[in-house]
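Have a look first, then read on.

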Amino acid sequence: MDAHDAAQDVLVETPAPGVGLVRLNRPQVLNALRGQLMEELLTALQRLDADPAIGALVITGNERAFSAGADIREMTEASVTSMVRRGMTDRWARLRAIRKPLIAAVSGHCLGGGCELAMNCDIIVASESARFGQPEINIGVIPGAGGTQRLTHAVGKSLAMEMVLNDRRLSADEALRAGLVSRVAPVERYLDEAIALAAQIAARAPLAVQLGKEAVNKAYELPLSEGLAYEQKLFYILFGSEDQKEGMRAFQEKRAPVWRGE
């Protein structure tokens, strides 16, 4: 057991009203995603998701690396059975079950499982130094936590093929042009921008934010006709909320709404 094993693999902060920040904390190995880190990350996110004072979440690493990927030391001698028993599928399902918006604040290396973690988030804010890739081909495997699927949805088949089959890596500007990230900021400001964005979202109508996230994510899973019907159903459901009445009355009365999340 190395000296860092007794330390926390993630750190949790509340840097702005309504914002929960979870920081990956294995800088000496570029925030490699070992099992302990994933468990701590998911526990922290689930706790923040259940906190009514928190409206949006940010995941980050440090300026050098968001995460360079899975901890290969845990996988080198693994068998099919041991990989199945490890529960990787369950962990990623728990991440997808987070209801509040997740923003990845990415700087430096964002590779392999780290890129998959970022793509599991709802929005990616990148620093100018961010580099995105799925280099699993270099160690004889392929992405196994959504990399081939989410990447293809985000950047298109041809570019995803190049990234998966030949370790092409995208700069922050390339990722922005391809649609993988929503904005690029200087290294010294990327985390502040992600936190400010999370604070803005956290200040909006909570139920509408939650259902808006759900509706956009369904666009990945449903044919257009079914997606439109799903969106309309969620739209109608919001007319049963107090926030819908408050929002529309406030608009007509030319005042700021006071959201209750009900």
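A residue is called exposed when its relative accessible area is over 50%, buried when that figure is under 20%, and partly exposed in between. Keep those cut-offs handy, and bear in mind that this is a predicted model.

**Overall build**

- You're looking at 11 helices and 10 strands.
- For 262 residues, a compact globule would have a radius of gyration near 18 Å, and the protein comes in at 19 Å, which agrees.
- Along the principal axes, the C-alpha atoms fill a box of roughly 65 × 45 × 40 Å.
- Take the contacts between residues at least 6 apart in sequence: 66% of them join residues at least 24 apart.

**Surface and charge**

- Of the 262 residues, 43% are buried.

**Helix 1**

- Helix 1 covers residues 35-49, so to speak a run of 15 residues.
- From first C-alpha to last, helix 1 reaches 21 Å, close to the 21 Å expected at 1.5 Å a residue.
- Which residues of helix 1 are buried? They are G35, L37, M38, L41, L42, A44, L45, L48 and D49.
- As background for reading that list, an α-helix has 3.6 residues a turn, so residues three or four places apart point the same way.

**Two positive phi angles**

- N31 isn't a glycine, yet its phi is positive, at about 55°.
- You'll find N31 in the loop between strand 2 (19-24) and helix 1.
- Is N31 buried or exposed? N31 counts as buried because its relative accessibility is 0%.
- K254 is a residue other than glycine with a positive phi, near 55°.
- K254 sits in the segment after helix 11 (242-252).
- With a relative accessible area of 76%, K254 is over the 50% cut-off and is therefore exposed.

- Strand 9 (residues 170-171) is where S171 is found.
- S171 has 18% relative accessibility, and because the cut-off for buried is under 20%, S171 counts as buried.
- Which residues does S171 touch, leaving out those up to four places away in sequence? S171 touches A130 and R131.

Note on methods: Residues are numbered from 1 along each chain as its sequence is written. This is a predicted model: local features need pLDDT of at least 70, side-chain atom pairs count only at pLDDT 80 or more; totals for chains, interfaces and linings use all residues. Side-chain values use heavy atoms; hydrogens and water are left out. Helices (H or I, at least four residues) and strands (E, at least two) are DSSP runs, numbered from the N terminus. The radius of gyration is taken over C-alpha atoms; the globule rule is 2.2 Å times the number of residues to the power 0.38. Buried means under 20% relative accessible area, exposed over 50%, partly exposed in between (1.4 Å probe, protein chains only). Contact means heavy atoms within 4.5 Å. The expected span of a helix is 1.5 Å times one less than its number of residues.
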